[in-house]
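Visitor: Could you walk me through this one? I'd like to start with the strands.

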Amino acid sequence: MRYWIVNGQSRSIVLIGMMGAGKSSVGRCLHRRTGLALHDTDEIVAAKFGMSIPEIFDEHGEKKFREAETEVLRRVRTEEQTIIITGGGIVLRKENVEILKRLGVIVWLDGDEETLFTRASRKRNRPLLQTKNPRKTFSQILGARRPLYANIADIRVGTSVLTDEEVAVAILAKLRRMNAKPESPIPATTS
Ligand code: S3P
């Protein structure tokens with residue numbers, strides 16, 4: 001079933017949010033529930049370089065990673081309705097934001113800072129958190145990015161106390177409601 005044909009146009013589901021928000025796992029739940037194809041910008045960038053994200057940062061630097069990330073977005077086909085999982089820093093470039101808006105409904109996975117940090121630091125695969133004080137670094141990054149996420153999100157879902165499946169269900173429910181009222185998109189809420 002397709003829940004989010006807005007004004008007769010196919011629109012993808014774009015997941016944004018901070019490291020640890022659960023974008024990848026929720027994206028996979030959405031994929032299972034909807035059958036829509038999945039694009040994960042981090043995975044595509046890693047495949048292009050033939051190395052992991054930490055290795056890309058290490059060997060080529062963040063700038064090259066960001067360039068590759070934008071290149072991946074430019075190549076996502078707009079006519080195909082898909083689920084797009086993005087890296088937490090995708091909102092840093094204006095060009096990325098413009099592309100994401102064209103691609104579809106932007107869903108911001110949020111959560112309280114402590115929960116996000118605990119999840120993000122579980123695996124040591126976040127190069128931006130390899131600092132002397134990862135907790136402080138995380139806080140600074142989150143503080144700088146929250147307004148950017150808020151600015152472009154069509155939907156916000158708080159993930160702190162929900163399982164990935166529950167987040168996926170909440171997203172689909174919001175999209176259904178949005179679809180029923182295409183003239184009045186649902187504002188960001190804290191549910
Ligand atoms: C980044 C988040 C990572 C990955 C890269 C940079 C960021 O993705 O793109 O390490 O700038 O927040 P996740 O959000 O999936 O951790």
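Visitor: Which residue in β5 is the bridge partner of leucine 109?
Guide: Valine 157 is the bridge partner of leucine 109 in β5. Strands here are DSSP E runs of at least two residues, numbered from the N terminus. This is a predicted model, where local features need pLDDT of at least 70, side-chain atom pairs count only at pLDDT 80 or more, and totals for chains, interfaces and linings use all residues. Residues are numbered from 1 along each chain as its sequence is written.

Visitor: How many bridges join β4 to β5?
Guide: Four, and the two strands run parallel. Strands pair if DSSP finds at least two bridges between them.

Visitor: And β1 to β4, parallel or antiparallel?
Guide: Parallel, with five bridges joining β1 (residues 12–16) to β4. Serine 12 has glycine 104 as its bridge partner in β4.

Visitor: Is β4 buried or exposed?
Guide: Strand β4 (residues 104–110) is mostly covered, with seven of its seven residues buried. Buried means 20 or more other C-beta atoms within 10 Å of the residue's own, with C-beta atoms placed from the backbone.

Visitor: Switching to the ligand, which residues surround it?
Guide: Met19, Lys23, Asp42, Ile53, Gly87, Gly88, Gly89, Arg126, Pro127 and Leu128. The cut-off is a C-beta atom, placed from the backbone, within 6 Å of the molecule.

Key:
Buried ≥ 20, exposed ≤ 12 C-beta atoms within 10 Å, placed from the backbone.
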